[in-house]
Amino acid sequence: MSRQAKRGPPSTIVIKLGTSSIVHEETHQPLLSILSAVVETVISLRNHGHKVVLVSSGAIGVGLRTMDIPQRPKSLSKKQALAAIGQGRLIALWDNLFGQFDQRTAQVLLTRGDISDRTRYLNAVNTLNELLSMGVVPIVNENDTISVSEIKFGDNDTLSAITSSMIHADYLFLLTDVDGLYTSNPRKDPCAKKLDVVISVAAIRAQVSTSTLGSSLGTGGMETKLIAAEIATGAGVTTIIASSKQPSVILDIIDYYTALKGASVPTSGAASPITPQKLNQVDLDEVAASLSWQRPPHTVFKPALIPMRDLKAWTSHTLYPAGSVIIDSGAHAVLSRRESGGRLLPAGVLGVRGSFASGQAVRILVHRRTEGDPVEAKEVAQMPYSNVAATIPCTPVLEPWESGTASVISVPLSRSGSSASLSDDMISDSQTIMDDEIPLIEKMDECEIGDCVEVGRGLANYNSAQISRVRGLNSARIVQLLGYADTEYVVENITIMIRVSA
């Protein structure tokens with residue numbers, strides 16, 4: 001394809017470069033030819049009006065060279081120390097190369113804690129957008145010195161996907177030592193086939209072997225790139241795996257897809273334009289043939305037609321769940337409907353697992369009722385979801401008159417009203433707070449693990465102990481039992497990944 005092809009509108013592009021593309025696997029020397037080519041590519045993109053973010057691994061690899069250590073250590077503290085040593089030299093190397101073109105850069109170090117907190121997440125988004133508007137190239141890396149997960153799991157692929165989601169990027173380029181996604185390791189299997197287009201990451205996993213790809217210096221491999229592609233495409237970002245040995249292919253790929261969006265493909269003797277909305281339905285081979293262009297080597301993951309909105313993407317992919325909230329099948333059915341707004345009332349809660357604070361992410365588990373299990377009329381009456389059946393909790397509720405040893409905890413339950421009336425309310429309520437309800441979380445763990453299935457994730461509005469106290473009750477009881485009620489929903493911003501089949 002000619003480089004003189006018509007340029008499209010400016011795009012926001014995230015480029016991720018792995019450790020194996022930055023330093024030599026054995027000598028740990030910086031691969032200056034690749035780094036220089038990446039810098040030249042970024043400068044060319046900037047000259048064409050694009051905004052570029054670079055996600056760079058390699059801090060530990062550079063640290064190994066600096067300290068003359070032959071191989072990556074196994075000790076976590078040593079890895080973190082090497083990351084601290086190498087990060088300064090790594091950013092200095094990038095800054096020096098970009099400085100040859102008078103291009104300003106900025107170092108952005110993130111951790112899971114940074115992007116797990118909503119306020120700090122938004123601050124990071126604002127900072128990145130401001131840097132881009134100033135014409136600066138942000139160089140993002142996970143802060144390996146204090147981040148356990150990246151060093152252990154290779155989270156920079158995921159970080160690049162989250163970064164692309166944060167800034168609503170148009171493209172995410174995952175540069176690696178192969179030119180695309182193969183069915184098996186092309187360095188060992190001569191029969192390995194490259195996949196040009198991936199519509200569904202979940203559907204392609206069975207066709208692809210990912211266990212053997214990855215270097216001794218890197219922490220990821222092709223599996224982490226599939227995870228990153230799943231996150232980014234869900235946010236509406238076109239994700240591409242390409243070779244880091246020829247970074248200029250990024251320019252060809254962008255020109256290629258820009259041309260696709262503006263091309264005309266003959267159908268029934270007439271030409272019809274390919275709109276961006278129809279790009280996912282286009283036969284790329286047919287379009288490339290009609291344009292007489294050779295397809296640049298790469299694998300493209302098509303973005304979702306309906307991208308996940310920012311808050312739900314943040315909840316689903318950025319946060320690590322601190323615990324779980326177990327709901328019944330009735331609540332699951334309601335949450336599966338778009339009009340539910342992703343909000344859970346306490347009436348649909350059966351229990352909790354783990355300890356979590358208000359504002360933390362939680363898994364949403366469904367306890368599936370087996371055939372023949374009775375459903376008490378009282379529970380059905382408590383359910384606001386009148387059109388679906390409720391299921392009974394694993395832990396039976398003890399009525400106050402059934403347990404002579406259980407004593408009511410004396411706590412201030414409301415900021416107004418007499419304590420006598422509140423005491424009467426508590427005695428008449430089947431969910432009275434009792435001493436033997438304190439180990440409720442442990443009791444819920446008695447459910448067989450096969451009975452509970454994760455169906456989604458959300459943000460808790462109350463902590464685990466508070467949710468366990470109001471489980472199964474009408475939301476009007478929250479203020480009486482907890483002493484306050486910031487909201488009637490115990491969990492919000494729920495993204496249901498496994499929906500109830502119609």
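Tutor: Let us begin with pairing: two strands pair if DSSP finds at least two bridges between them. Strands (E, at least two residues) and helices (H or I, at least four) are DSSP runs, numbered from the N terminus. This is a predicted model, in which local features need pLDDT of at least 70, side-chain atom pairs count only at pLDDT 80 or more, and totals for chains, interfaces and linings use all residues. Residues are numbered from 1 along each chain as its sequence is written, and side-chain values use heavy atoms, with hydrogens and water left out.

Student: What makes β5 and strand β9 (residues 238–243) a pair?

Tutor: Six bridges join the two strands, which run parallel. The definition asks for at least two bridges, so β5 and β9 are paired. Within this pairing, Leu174 stands opposite Ile241 in β9.

Student: How do you know that strand β1 (residues 12–17) and β5 pair?

Tutor: Five bridges connect β1 with β5 in the parallel sense. Lys16 has Leu174 of β5 as its bridge partner.

Student: Why is Lys16 called buried?

Tutor: Buried means under 20% relative accessible area, exposed over 50%, and partly exposed in between (1.4 Å probe, protein chains only). Lys16 has a relative accessibility of 5%, and therefore counts as buried. Strand β5 (residues 171–176) is mostly covered, as six of its six residues are buried. Tyr171, Phe173 and Leu175 point one way from β5, while Leu172, Leu174 and Thr176 point the other way.

Student: What makes the contact of Asp157 with Lys16 a salt bridge?

Tutor: A salt bridge is a side-chain nitrogen of Lys or Arg within 4 Å of a carboxyl oxygen of Asp or Glu. The closest N and O atoms of Asp157 and Lys16 are 3.1 Å apart, so the pair meets the definition.

Student: Which other salt bridge involves Asp157?

Tutor: Lys225 and Asp157 meet in a salt bridge at 3.4 Å, N to O. Lys225 lies in helix α9 (residues 222–234), 68 residues from Asp157. Both Lys225 and Asp157 are buried.

Student: Why is Lys194 called partly exposed?

Tutor: Its relative accessibility is 25%, so Lys194 counts as partly exposed. Asp196, at 29%, is therefore also partly exposed. The side chains of Lys194 and Asp196 meet in a salt bridge of 3.0 Å, N to O.
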